[in-house]
Amino acid sequence: SKPRILLCAPSNAGIDEVIQRMLRAGLIEETQNPYIAAAESFAQTALSSSPLPSTKAKFKVIRIGRSSAVHPFAQSILVDKLVDDELSKEGFETSRHLNISSIINKITAVDQELFAL
């Protein structure tokens, strides 16, 4: 299995800063999402006069947090967006249309019905 790293910071801005630096360094996996490429380009031109050297090691990054508190360049790796994308691939309605808490409530109701049987 691949090694995993959990990164925590005392603020959303702290995590977003780490993501910016990872983008600049080319450490985040290439994806089909053009926003990642645009964010990487932005990070290299706006945040650094000389880009950091690229490396062959790439990480799959998942950003957790309130979407309203996440910087726009990190929105494409936000867990809610990634889940929506996967659900869309499978033909399901995305969480943009279904609130996650309503899904949990439905699961709980079905679980209670099964338990009653």
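Modeller: In this predicted model, confidence in the protein chain is lowest in helix α2 (residues 34–47), at a mean of 54, and highest in helix α1 (residues 12–25), at 87. The scale is pLDDT, the predictor's confidence in each residue, from 0 to 100. The mean pLDDT of the chain is 75, and 68% of its residues reach 70 or more.

Biologist: Why does a low pLDDT matter to a reader?

Modeller: Where pLDDT is low, the predicted coordinates should not be read in detail. For that matter, local features here need pLDDT of at least 70, side-chain atom pairs count only at pLDDT 80 or more, and totals for chains, interfaces and linings use all residues. Residues are numbered from 1 along each chain as its sequence is written, and side-chain values use heavy atoms, with hydrogens and water left out.

Biologist: Asp16 is found in helix α1. What makes Asp16 buried or exposed?

Modeller: Buried means under 20% relative accessible area, exposed over 50%, and partly exposed in between (1.4 Å probe, protein chains only). Asp16 has a relative accessible area of 6%, so Asp16 is buried. Arg63, in the loop between α2 and α3, counts as buried because its relative accessibility is 3%. Buried residues make up 23% of the 117 residues in the protein chain.

Biologist: What joins the side chains of Asp16 and Arg63, and how do you know?

Modeller: A polar contact is a pair of N or O atoms within 3.5 Å; within protein, one must be able to donate a hydrogen and the other to accept it, and residues adjacent in sequence count only if both atoms are side-chain atoms. The side chains of Asp16 and Arg63 make such a contact at 3.0 Å. The side chain of Asp16 also reaches the backbone nitrogen of His71 at 3.0 Å. Arg63 has a polar contact of 3.2 Å with the side chain of Asn12.

Biologist: Which residues does Asp16 touch, and what makes it a contact?

Modeller: Contact means heavy atoms within 4.5 Å. Not counting residues up to four places away in sequence, Asp16 touches Arg63, Ala69, Val70, His71, Phe73 and Ala74. With the same exclusion, Arg63 touches residues including Ile15, Ile19, Ile77 and Leu78.

Biologist: Why are Arg21 and Glu17 called a salt bridge?

Modeller: A salt bridge is a side-chain nitrogen of Lys or Arg within 4 Å of a carboxyl oxygen of Asp or Glu. The side chains of Arg21 and Glu17 meet at 2.8 Å, N to O. Side chains of opposite charge can pair when their charged atoms come close. Being four residues apart in helix α1, Arg21 and Glu17 are separated by about one helical turn. Arg21, at 49%, and Glu17, at 32%, are partly exposed.

Biologist: What about Asp85 and Lys81?

Modeller: The side chains of Asp85 and Lys81 meet in a salt bridge at 2.9 Å, N to O. They are four residues apart in helix α3 (residues 79–89), which means a separation of about one helical turn. Asp85 is partly exposed at 27%, and Lys81 is partly exposed at 25%.

Biologist: How do you know that Lys89 forms a salt bridge with Glu86?

Modeller: The closest N and O atoms of Lys89 and Glu86 are 3.1 Å apart, and the limit is the one already given. Lys89 counts as exposed at 63% relative accessibility, whereas Glu86 is partly exposed at 45%. The structure holds four salt bridges.

Biologist: What makes Ile5, Leu7 and Phe59 a patch?

Modeller: Patches are made of residues with over 30% relative accessible area and no salt bridge; like charges are joined within 9 Å, and nonpolar side chains (Val, Leu, Ile, Met, Phe, Trp, Tyr) within 5 Å. Leu7, in the segment before α1, is partly exposed at 46% relative accessibility. Ile5, Leu7 and Phe59 form a nonpolar patch on the surface, with about 320 Å² of accessible area together. Such areas come from the Shrake-Rupley method with a 1.4 Å probe; for residues, only the protein chains shown count as cover.

Terms used:
Helix = DSSP H or I, 4+ residues; strand = E, 2+ residues; numbered from the N terminus.
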